[in-house]
Amino acid sequence: MIIHTKSYPRAAIIGNPSDGYHGKTIAFVFSNFSANVTLFESPELELTPAALDLNIFANIDQLVAHVNYSGYYGGIRLLKAMIKVFYEYCKANKIEIEDKNFTMRYFTDIPQRLGLAGSSAIITAGIKALMQFYGVTINPAQLANLVWSVEIHELGISAGLQDRVAQAYEHPVFMDFDKDYMEEHGYGKYDPIDPDKLPNFFIAYKREDSEGSEVTHNSLRTRHKNGDQEVLEAIEEWSGLSVKMKNCISQGKPELIPEFMNRNFDLRSQILRIKAGHQRMVDIARNTGASAKFTGSGGAIIGTYSDNTMFNILKIKLKKHGIDILKPKIVTNKLFKK
């Protein structure tokens, strides 16, 4: 039996980065890229390295380029931590799994370190493969928690739940991470969003201008822990923007969405450092008439455009700066389709 699973990059429409601080967000996953895992039974348990795990280089220039794009650690550590957490979850929940080994391979074409949740996509695809291999059922809310646990508790990666929720549900989702609700239920309030009521989105990024999510989250977490009033007020406003957007979408008023998205980024730029290259992408988009904000922790941007004429103009202007742009193919789950 050969098992193939995949997970997709995430784009936050609004509310980020409040998700790690009991805020509210709206996000979706899109299938223009994917993280893929192949798993099959084998005599020994083996994890096969992929391009992210490259350790032989032609020269120093190639090594530096690889680190700038992929970071220092690659994907094998993600798979090791994921397997350990899955095993411990099964033991803690008295889930019997068959005593058999497997070989696991992964491949991802999700641009790395650009705020598209590429790491959690690998972990999510891996857990989905293990679920099939061992016949284990895990509901989407708990799956998101499990992926988050791999990164937060096992690997010490600062992150919120938003990425994992969107990847577990594979549908546009409004997420409310209310502290009291989460303490009582173990997860947030997750409501599906009707994809047919969403406006035209674009996503733009420059692979060479990557930045690890820890740059944003470590600074923000420290300030939040210290009770920084500016950060606390920003989280409150990001949450409010998410509620406003949810209402606009449900009421069929997409014309208000660009204003909320722009405000999300402007507020972020007031309290966090924005790299010059990232700011340039936002400025180009807005000068074209589009809205723009970060898709996640930083690097890639998402925005709205009115029509194909605006999109084509934006594409030409971004290309002059070596910036790629795409129309995201939003993934939807028929279980949540209205």
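Author: Start with handedness. A crossing is left-handed if the near helix is turned anticlockwise from the far one by less than a right angle, and right-handed if clockwise. In this predicted model, the crossing of α4 and α5 is right-handed. The contact (heavy atoms within 4.5 Å) involves Pro140, Ala141, Leu143, Ala144, Val147, Trp148 and Glu151 on α4, with Arg164, Val165, Ala168 and Tyr169 on α5.

Reader: What are the ground rules for the model and its numbering?

Author: Residues count from 1 along each chain as its sequence is written. Local features need pLDDT of at least 70, side-chain atom pairs count only at pLDDT 80 or more, totals for chains, interfaces and linings use all residues, and side-chain values use heavy atoms, without hydrogens and water.

Reader: At what angle do α4 and α5 pack?

Author: Two packed helices are described by the angle between their axes and the distance between the axes. Axes are lines fitted to C-alpha atoms, for helices over the stretch in contact, and angles run from 0 to 180 degrees between N-to-C directions. Helices (H or I, at least four residues) and strands (E, at least two) are DSSP runs, numbered from the N terminus. Here α4 (residues 140-154) and α5 (residues 162-169) pack at about 140°, axes 8 Å apart. They are therefore oblique to each other. The cut-offs: under 35 degrees is roughly parallel, over 145 roughly antiparallel, 65 to 115 roughly perpendicular, the rest oblique.

Reader: And how do α2 and α4 pack?

Author: Helix α2 (residues 76-92) meets α4 at about 125°, with axes 9 Å apart. That makes α2 oblique to α4. Their crossing is right-handed. Leu78, Ala81, Met82, Lys84, Val85 and Tyr89 of α2 touch Gln142, Leu146, Ser149, Val150 and Glu154 of α4.

Reader: Which residues are closest to the centre of the second largest pocket?

Author: A pocket is, on a 1 Å grid over the protein atoms alone, an open set of points where a 1.4 Å probe fits, with protein on both sides within 12 Å along at least five of seven lines; lining residues have an atom within 4 Å of a point. This pocket has a volume of about 210 Å³. Of its 13 lining residues, Asp19, Gly20, Tyr21, His22 and Trp148 are closest to the centre. Both α4 and α7 (213-225) supply at least two lining residues each.

Reader: Where is histidine 22 placed?

Author: Histidine 22 sits in the loop between β2 and β3. Its phi is near 60°, positive in a residue other than glycine. Proline 17 lies in the loop between β2 (10-14) and β3 (24-29). A cis peptide bond joins asparagine 16 to proline 17, with omega about 10°.

Technical notes:
Grid points are joined across faces, edges and corners, and a volume is the space filled by probe spheres set on the points.
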